[in-house]
Amino acid sequence: MSDTPLSKSDQPGTIARLLRDGQVRAVLAQLFVVGIVVLLGWIGISNVLENLARQNIASGFGFLDENAGFGVNQTLVDYDAGSTYGQAFWVGLTNTLLVAVLGVFLTTLLGFAVGIGRLSSNWLVAKLCAAYVETLRNIPLLLQIFFWYFGVLKALPHPRDSIALGEGFLVNIRGVYFPRAVGEEGIAIVLFALLAGIVATIVLSRAAARHLLRTGQVRKIWLIGLGLIVGLPLALYFVLGQPLGLDMPQASRFNVKGGVRIIPELIALVLALTTYTASFIAEIVRAGILSVPKGQSEAAAALGLPNGLTLRKIIIPQAMRVIIPPLTSQYLNLTKNSSLAVAIAYPDLVSVFAGTTLNQTGQAVEILGLTMTVYLLLSLSTAGFMNWFNSRMAIRGRS
Amino acid sequence: MMLNWMRANLFSSWGNSLLTLISLWLVWVIGSGIVEWALIDAIFTGDNREACLVPGAGACWPYVGAKWNQFIYGRYPLESQWRVDLIFAMGAGALIPSMIEGMRGRRWFVLFLLLPFPVITYVLLTGGMFGLAEISSDLWGGLVVTLIVAVTGIVASLPLGILLALGRQSDLPLIKAICVVFIEFWRGVPLITVLFMASVMLPLFLPDGVVIDKLLRCLIGVALFSSAYMAEVVRGGLQALPKGQTEGAQALGLSYWQSMRLIILPQALRLVIPGIVNTFIGLFKDTTLVLIIGLFDLLGIIQLTFTDAGWSTPQTHNTGYVVAAFIFWIFCFAMSRYSQRMEKRLDVTGER
């Protein structure tokens, strides 16, 4: 451009010429935007400092060491009313992670089942699965949580009228109770045998797979595996004189003593998150399976593979490449949606920390900052892990 | 005919027959349960809870009749509810023609919805002008608030999302970085923390003496949150366009903004209409979260009516939830069907 001859009268002034230069304009535009962002940030932060100073709120994370003084009805880490806000944070975080792990596991099972069911050759099963998806994904999650919590679980009878589901299982308005396993002397040996059995079976099946690849012969190892995982620990269990006691829940007038209690908040939250997210996963699974060319299943049929094996060995592995990226974002959605716990007072991170702790201390900026950082880290690390996993799963270049 | 069809589709093998029987049993249990609860055992008339306290009673429909006005309008004064009706009528009247492809003057309806309609809605709802009585937003509630939050979210997030998507695709490193950080931040945190931020933290960021209405604060939070999701949808459309489009625009001597406005965006946005509608469905369902920070949307109002001792029965909760679920379901299902139809249409035009 610059060597295009221009007549004297066409040449604009220096500043105007600079403004038309693409690179100069790019720098100016960026400076302008950055300037606005910095200015907004500066105004905001100075307002925050001014407001905090006026309200006499000390900023900083010192409050984490102060005494929390409130109780929590489900704790996975040591906590009591004398613990600090910092410990309350851990209680909330572990409770969030518990819901996320349970939810991801269950919703994967249900979602895959419904997604495959929608493609079933059985007309009724396909229609039922379609109805499931279309109903559940079009109703707000919060409404579903409320339904399970207030409509179903809070409508259960009081402890004295507990419903007994078989020996040692009680259901009432305060939750679900089941026997607690109490290990006695020798239980460690049984558990160790179980672990060793699982490891040995994994090693064996790997060896069998290698054998299959090398020689083409199938080694049946499932019987050996069954013996290692179930038989050996069971035999040890009886040899050592059944070193496991059961602490049965006993219903009394106002409460249930003994056993393990699952609070209704957890049940409602996991149920709603699982069934809701499964409706999305089902659609993802269906799209993934449909993306596998029809020739693949026809070829498998031509080889004489039965339907179940075709699905497991041919279709699903290829569909997984399409399924995994959106599946990951559903897992993340589930984790983020678990924050709706606050609406039914399940003690998750948002409820315990951004709710109770925030109300007691008033440290809005620090607490919300910390809470959001936790979710951001969860999101970014999961996204990073899945990107890595995805690049491993991707078809190696065909070129 | 019928028998052949059944043999092929329901009883082709032992396993299939078993599945069919289990499914039939499921259909029977769920179907008969719903019919019994909603029709056979349900109570249809009554003036208060007494009517629904019959042992073994199903749905308590008179409760819905008594509270219906609140479900829709919240605590909006009765004598001013015509204003809300007028807004509903105008909105529906402009929305329906603007959704039909090939409708004459379609763009004018869309333009009306995007520009004057929000202003008219604001004036009519708040009042205090043109002789209309002023009505504080504390009194708004029910479906009105649900629709306000959802529609504001979508209308505000669309332009913001487009700008963010363009920024993320930009060659300018600083602008790109700012947009990436902005988008990933909002997409990484749950909406409920955003709403908490809007309700307790946003006031701290404002100078002393400036007070923003709670509903407005919540709207700002929702708009920023959904703009990040919208940006990713739009980015999908931008990436789907062949590079030749940009290069062609450049070859014609169009500037960046001209090529975006005239060449790129019209094509990209058309491609992502289904994605936009899906984002809107998500946002519409997410509006229920505002009840956690103390606003009364449809679900919030229904929760509130449960505290009315005059209608407290064992079935009030479930009746209320079923009504709310049905209303939300109708809206979301209609939208998802629309988006599916658009998807099919776009597919067809793409292959030609």
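In chain A, the centres of domain 2 and domain 3, taken over C-alpha atoms, are 30 Å apart. The structure is a predicted model, in which local features need pLDDT of at least 70, side-chain atom pairs count only at pLDDT 80 or more, and totals for chains, interfaces and linings use all residues. Residues are numbered from 1 along each chain as its sequence is written, and chains are lettered from A and ligands numbered from 1 in the order in which they are written.

The domain assignment of chain A lists domain 1 (8-55), domain 2 (85-178 + 265-393) and domain 3 (180-247). These bounds come from an automatic or database domain assignment. Chain A holds 12 helices and 8 strands. Helices (H or I, at least four residues) and strands (E, at least two) are DSSP runs, numbered from the N terminus. The radius of gyration of chain A, taken over C-alpha atoms, is 30 Å. A compact globule of 399 residues would have a value near 21 Å, by the rule of 2.2 Å times the number of residues to the power 0.38. Along the principal axes, the C-alpha atoms of chain A fill a box of roughly 105 × 70 × 45 Å. Buried residues (20 or more other C-beta atoms within 10 Å of their own, with C-beta atoms placed from the backbone) make up 28% of chain A.

Chain B has 15 helices and 0 strands. Its C-alpha atoms fill a box of roughly 75 × 70 × 40 Å along the principal axes. Of the 352 residues of chain B, 33% are buried.

The chains meet through 45 residues from chain B and 48 residues from chain A. Contact requires C-beta atoms, placed from the backbone, within 7 Å. On the chain B side, helix 15 (316-351) is one of the helices that supply at least two residues. Helix 15 of chain B gives the most, with 10 residues. The chain B side divides into 32 nonpolar, 11 polar and 2 charged residues. Here Ala, Val, Leu, Ile, Met, Phe, Trp, Tyr, Cys and Pro count as nonpolar, Asp, Glu, Lys and Arg as charged, and the others, Gly among them, as polar.

A nonpolar core is a set of buried Ala, Val, Leu, Ile, Met, Phe, Trp, Tyr and Cys residues joined through C-beta atoms within 7 Å. The largest core has 128 residues. Within it, A:Ile145, A:Leu269, B:Val144 and B:Leu195 touch the most other members. Helix 8 of chain A (residues 264-291) provides the largest share, 14 residues. A second, separate core of 6 residues includes B:Cys52 and B:Trp61.

Key. Contact = placed C-beta atoms within 7 Å. Buried ≥ 20, exposed ≤ 12 C-beta atoms within 10 Å, placed from the backbone.
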